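Here is a short report for a first look at this structure. Keep the sequence and the 3D view open while reading.

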Amino acid sequence: MTQTLSGTQTTSVADAVVVGAGFAGLYMLHLLRDKLKLKARVFESADGVGGTWYWNRYPGARCDIPSHHYSFSFSEELQQEWTWSEKYAAQPEILEYLEFVARKFDLNKDISFGTRVSSAHFNEAEQRWIITTDRGETVVARYFIPAVGTLSDANIPKFKGHGSFQGQVLFTGKWPKEGVNFAGKRVGIIGTGATAMQAIPVIAEQAAHLTVFQRTPNYGTPLRNEPMDPAVDREVKANYRTLRQQAWESFAGVPFERLKPSALADSPEERRKQYEACWEDGGFSLWIGCYGDTLFDHTANRYAADFVREKIRARVQDPAVAALLCPPESQAYGTKRQPCETHYFETFNRDNVRLVDIRTHPIDEILPTGLRTTGGEYTFDILIYATGFDAFTGAMFKMDIRGAGGRTLQDYWSAGPRTLYGLGAHGFPNMFFITGPQSPSVLFNMPLGIEMHCEWIADCITHMNAHGYTAISANTEDEDRWIRHTKELADATLLPEATSWYLGANIPGKPRVFMVYLGGGKHYKEVISRCAAEGYAGFTLTPSS
């Protein structure tokens with residue numbers, strides 16, 4: 001039902017409102033509408049589906065999880081119909097895949113594109129969410145499901161002179177749909193994380209000159225992408241059920257055949273052989289598919305770090321540049337998200353590429369013609385920010401979300417995100433997160449993690465409707481228990497030692513809280529399945545009056 005209130009302002013009723021039309025929003029809509037037979041609305045700020053893969057169109061954008069794994073598993077027909085062209089799919093192909101999914105399941109008809117959710121307020125008397133958009137629409141819904149992604153809100157540092165550059169300014173996470181012509185241009189790029197390490201080699205091949213401003217060097221490893229072997233594709237499709245089961249049994253949602261328990265148990269010769277094999281495998285093999293104690297033991301970690309630094313030095317001709325590109329010994333390997341690259345380090349052998357160390361000489365000011373560091377002034381035509389995201393909370397805080405008693409989500413999370421299993425938060429009834437804080441999220445194969453959460457949410461809604469419950473909200477004490485458990489797991493590893501976005505350390509003033517569950521996807525799935533089997537233990541369900 002839709003009713004005009006005044007002018008162009010309208011109000012309507014739905015069972016559920018979903019925000020975002022990426023992997024999560026598309027599957028959530030499919031479950032709500034086609035499985036549960038509910039009326040669901042999806043709001044998406046872009047003019048098409050894709051989420052992360054709609055916006056991240058920068059040169060070199062590519063998934064670093066093998067294509068057969070980085071895809072939906074819920075439909076055997078879909079798995080058989082779609083054929084990937086590369087071992088690691090590039091952004092255009094992943095976007096094409098999600099567009100294909102939307103068409104196949106006729107999802108677009110329930111998605112309002114070019115529309116942002118401005119606010120979502122919970123009405124306690126009615127036990128409903130009141131959701132408003134920037135298009136003047138208000139939707140009243142029982143369930144509110146933000147599917148905005150963990151890495152979707154840009155982090156652009158506010159340097160002195162921010163906004164004064166008179167050339168073209170770009171952010172990798174909101175790349176122009178029409179693309180960018182770098183021919184004959186002088187380009188400056190700030191940042192050398194996973195995104196920048198994909199973009200820099202491609203831009204360097206096109207631009208007249210590229211200046212790379214690096215604060216933190218990274219332990220990048222080769223991706224080893226290649227065209228999809230038709231024989232491999234046929235074998236995977238014939239055995240997809242087994243492959244998916246292996247993924248669910250693994251820590252990160254991707255099986256690694258070479259994984260060994262401990263680097264300390266092997267001789268130097270055996271370690272070298274194992275490291276070389278994983279290096280040649282490419283992708284995340286060296287990071288999470290090599291030795292089980294790499295991220296737990298300082299000595300095991302140092303062995304891996306020394307190996308990667310050796311590889312970097314061998315690929316960079318100038319020893320001084322190589323030294324800048326090698327992370328220091330104080331920086332443990334893999335405690336920041338490991339970038340996977342293609343010819344990144346060789347790019348710094350090019351005559352048209354310059355590396356500037358902004359840890360030693362920080363950026364002092366953005367100028368109309370470029371920027372100035374404490375060590376010099378640099379001029380260019382295009383300035384690119386590859387400075388990452390305000391992970392987990394940034395996109396959520398862009399909406400005015402208010403739960404019971406009018407409390408804002410931003411206030412409730414002022415000391416860091418608080419959730420139960422990354423699925424719900426106390427005082428925000430009937431609001432479900434998908435791959436939220438304190439879930440495996442970014443350290444698990446995202447499409448499978450999304451399926452796991454969406455299916456849990458759909459089952460929960462089915463349970464509520466079948467038993468006459470009007471609301472569900474996490475209990476404070478159970479949130480406390482889960483947050484403590486998440487912290488204990490993180491503290492048993494080396495990951496909290498790094499100043500990474502896993503802790504929000506890339507955002508000035510953001511609370512330092514480790515936001516990812518490190519118990520592995522298999523154990524996590526057991527935990528939330530047990531929660532459901534026990535009548536959603538840890539949550540309070542409100543019966544209908």
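This is a predicted model: local features need pLDDT of at least 70, side-chain atom pairs count only at pLDDT 80 or more; totals for chains, interfaces and linings use all residues.

## A residue pair to start from

Begin with I366, whose bridge partner in β15 is L371. Strand β15 covers residues 370-373.

A second pair can be found between these strands. I363 stands opposite T373 in β15. In total, four bridges join β14 to β15. The two strands run antiparallel. A hairpin of two residues connects β14 to β15.

## The three-stranded sheet

Which strands make up the sheet, and in what order? The order is β14-β15-β16. The sheet is open, and its pairing is antiparallel.

Now follow the chain from β15 to β16. Four bridges join these two strands, which run antiparallel. T373 stands opposite G376 in β16. T373 is also the residue that faces I363. A hairpin joins β15 to β16, again through two residues.

## The second largest pocket

Eight of its residues are nonpolar, seven are polar and seven are charged.

## Salt bridges across the chain

Side chains of opposite charge can pair when their charged atoms come close. How many salt bridges does the model hold? The count comes to 31.

One of them joins the side chains of R62 and E86, at 2.9 Å from N to O. This pair links distant parts of the chain, 24 residues apart. R62 lies in the loop between α2 (52-55) and α3 (76-81). E86 lies in the loop between α3 and α4 (91-104). R62 has a relative accessible area of 22%, so it counts as partly exposed.

Another bridge pairs K104 with E81, and their closest N and O atoms are 3.1 Å apart. Here two helices are linked: K104 is in α4 and E81 is in α3, 23 residues apart. Both ends are partly exposed. K104 has 26% relative accessibility, and E81 has a relative accessible area of 41%.

## A buried bridge and a network

R315 forms a salt bridge with E341. The closest N and O atoms of this pair are 2.9 Å apart. R315 sits in helix α10 (residues 298-315), while E341 sits in strand β12 (residues 340-341). The two residues are 26 apart, and the pair links distant parts of the chain.

Are these two residues buried or exposed? R315 has 16% relative accessibility, so it counts as buried. E341 is buried too, because its relative accessible area is 2%. The cut-off for buried is under 20%.

Some salt bridges share partners. In this way R272, E276, E310 and K311 are joined into one network.

Technical notes: Residues are numbered from 1 along each chain as its sequence is written. Side-chain values use heavy atoms; hydrogens and water are left out. Two strands pair if DSSP finds at least two bridges between them. Ala, Val, Leu, Ile, Met, Phe, Trp, Tyr, Cys and Pro count as nonpolar, Asp, Glu, Lys and Arg as charged, and the others, Gly among them, as polar. A salt bridge is a side-chain nitrogen of Lys or Arg within 4 Å of a carboxyl oxygen of Asp or Glu. Buried means under 20% relative accessible area, exposed over 50%, partly exposed in between (1.4 Å probe, protein chains only).
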